[in-house]
Amino acid sequence: MDCSTPVVPYGFRVLLETLGKTVLHEQPVDVHQFASGYFKELLQFRDGLLHPTLDVIELANLFYLTKGKSE
């Protein structure tokens, strides 16, 4: 593998896209603190699902849709 070509882990792009959309929607003062809380909530959401082995892309999209509707 060529060291100059970065490899983006599977699902990472979708995780960042959903975080970015949420940041733009909510306009937090401290983005770092917000991102930390967002990912903690995502893990709690995953752990509370009936299928905790859900694909990371499906998980991120489901969390984004659920989080947006609850606020």
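Guide: Helices are DSSP runs of H or I with at least four residues, strands are DSSP runs of E with at least two, and both are numbered from the N terminus. The model is predicted: local features need pLDDT of at least 70, side-chain atom pairs count only at pLDDT 80 or more, and totals for chains, interfaces and linings use all residues. Residues are numbered from 1 along each chain as its sequence is written, and side-chain values use heavy atoms, with hydrogens and water left out.

Visitor: What pattern does the protein chain follow when read along the sequence?
Guide: The protein chain has three helices and zero strands, and its C-alpha atoms fill a box of roughly 45 × 35 × 15 Å along the principal axes. Read along the sequence, the pattern is therefore α-α-α.

Visitor: How are α1 and α2 oriented to each other?
Guide: The axes, which are lines fitted to C-alpha atoms over the stretch in contact, with angles running from 0 to 180 degrees between N-to-C directions, come within 11 Å for α1 (residues 12-26) and α2 (residues 31-48) and cross at roughly 125°. The contact (heavy atoms within 4.5 Å) involves residues including Thr18, Thr22 and Val23 of α1 and Phe34 and Tyr38 of α2. Angles under 35 degrees count as roughly parallel, over 145 as roughly antiparallel, 65 to 115 as roughly perpendicular and the rest as oblique, so α1 and α2 are oblique.

Visitor: Why does threonine 18 count as buried?
Guide: Threonine 18 is placed in helix α1. Buried means under 20% relative accessible area, exposed over 50% and partly exposed in between, with a 1.4 Å probe and protein chains only. Threonine 18 is buried because its relative accessible area is 3%.

Visitor: The side chain of which residue is joined to that of threonine 18 by a polar contact of 3.3 Å?
Guide: A polar contact is a pair of N or O atoms within 3.5 Å, where within protein one must be able to donate a hydrogen and the other to accept it, and residues adjacent in sequence count only if both atoms are side-chain atoms. A polar atom of the threonine 18 side chain lies 3.0 Å from the backbone oxygen of leucine 15. Beyond four places in sequence, threonine 18 is in contact with residues including Ala60, Asn61 and Tyr64, and its side-chain polar contact of 3.3 Å is with tyrosine 38.

Visitor: What is the relative accessibility of threonine 22?
Guide: Threonine 22, found in helix α1, is in contact with Phe34, Tyr38, Tyr64 and Lys67 when neighbours within four places are left aside. Threonine 22 counts as buried, since its relative accessibility is 5%.

Visitor: Which residue's side chain is joined to that of lysine 67 by a polar contact?
Guide: Lysine 67 is found in helix α3 (residues 56-70) and is buried, with a relative accessible area of 10%. Its contacts outside four places in sequence are Thr22, Glu26, Tyr38 and Glu41. A polar contact of 3.1 Å joins its side chain to that of glutamate 41.
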